[in-house]
Amino acid sequence: MGRFRTRMYEEYAQEFKNDESFERAYQKVKKIKDFYSHLKVYIIINLLIIISNLDGDFFGWNLEEKGLLDWHTYSTAFYWGIALVIHAFTVFGPDIFFNGDWEQKKIREYMDKDASNTNKWE
């Protein structure tokens, strides 16, 4: 066990029923943390790439759009972005937008709306 995980387990050992539930929760949190670290690196590196492709006279108020309109300026962000989306789906699952709870909530919402419309004329 890592230092952080050992310390967390020692502090909250009485709250955890068994080590397996703690391990699953820890792995899920670690995956989410790794994804946000990946996102942070993606943003920083791609901003540096875009800024480095600007013309040298950018800070002298003579901005030439030549560097901003080239495909190679954004190709890294595009392909890395595809990998980042795949990483997001592996972390958050395919139900990132429409999970099982969402479907039940929508059904309940429409049933309640229908019931309120029925009672409107009574």
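**Notebook: helices, a patch and a loop**

I began with helix H2 (residues 19–52) and helix H3 (residues 71–92), which pack at an angle of about 170° with their axes 10 Å apart. Angles over 145 degrees count as roughly antiparallel, so H2 is roughly antiparallel to H3. I then looked up what the contact of H2 with H3 is made of: 16 nonpolar, 6 polar and 3 charged residues. I noted that this is a predicted model.

Next I stepped back to the whole chain. I found 4 helices and 0 strands. Read from the N terminus, the elements run α-α-α-α. The chain has 122 residues, and buried residues make up 13% of them.

Which residues make the nonpolar surface patch of about 580 Å²? I listed Trp71, Phe78, Tyr79, Ile82 and Ile86. I picked Phe78 from this patch and placed Phe78 in helix H3. Is Phe78 buried, partly exposed or exposed? Its relative accessible area is 45%.

Last, I checked a loop residue. Where is Leu69 found? I located Leu69 in the loop between H2 and H3. Its relative accessibility is 67%. The cut-off for exposed is over 50%, so Leu69 counts as exposed. I also looked up Leu69 against Leu54, which lies 15 residues apart from Leu69 along the chain. Their C-alpha atoms are separated by 9.7 Å.

Methods
Residues numbered from 1 in each chain as written. Predicted model: local features only at pLDDT ≥ 70, side-chain atom pairs only at ≥ 80, totals over all residues. Heavy atoms only, no water. Axes fitted to C-alpha atoms, helices over the stretch in contact; angles between N-to-C directions. Helix = DSSP H or I, 4+ residues; strand = E, 2+ residues; numbered from the N terminus. Parallel < 35°, antiparallel > 145°, perpendicular 65-115°, else oblique. Nonpolar A, V, L, I, M, F, W, Y, C, P; charged D, E, K, R; others polar. Patch = residues over 30% accessible without salt bridge, like charges linked within 9 Å, V, L, I, M, F, W, Y side chains within 5 Å. Areas by Shrake-Rupley, 256 points an atom, 1.4 Å probe, with all protein chains shown as cover. Salt bridge = Lys/Arg side-chain N within 4 Å of Asp/Glu carboxyl O. Buried < 20%, exposed > 50% of the residue type's maximum accessible area, 1.4 Å probe, protein only.
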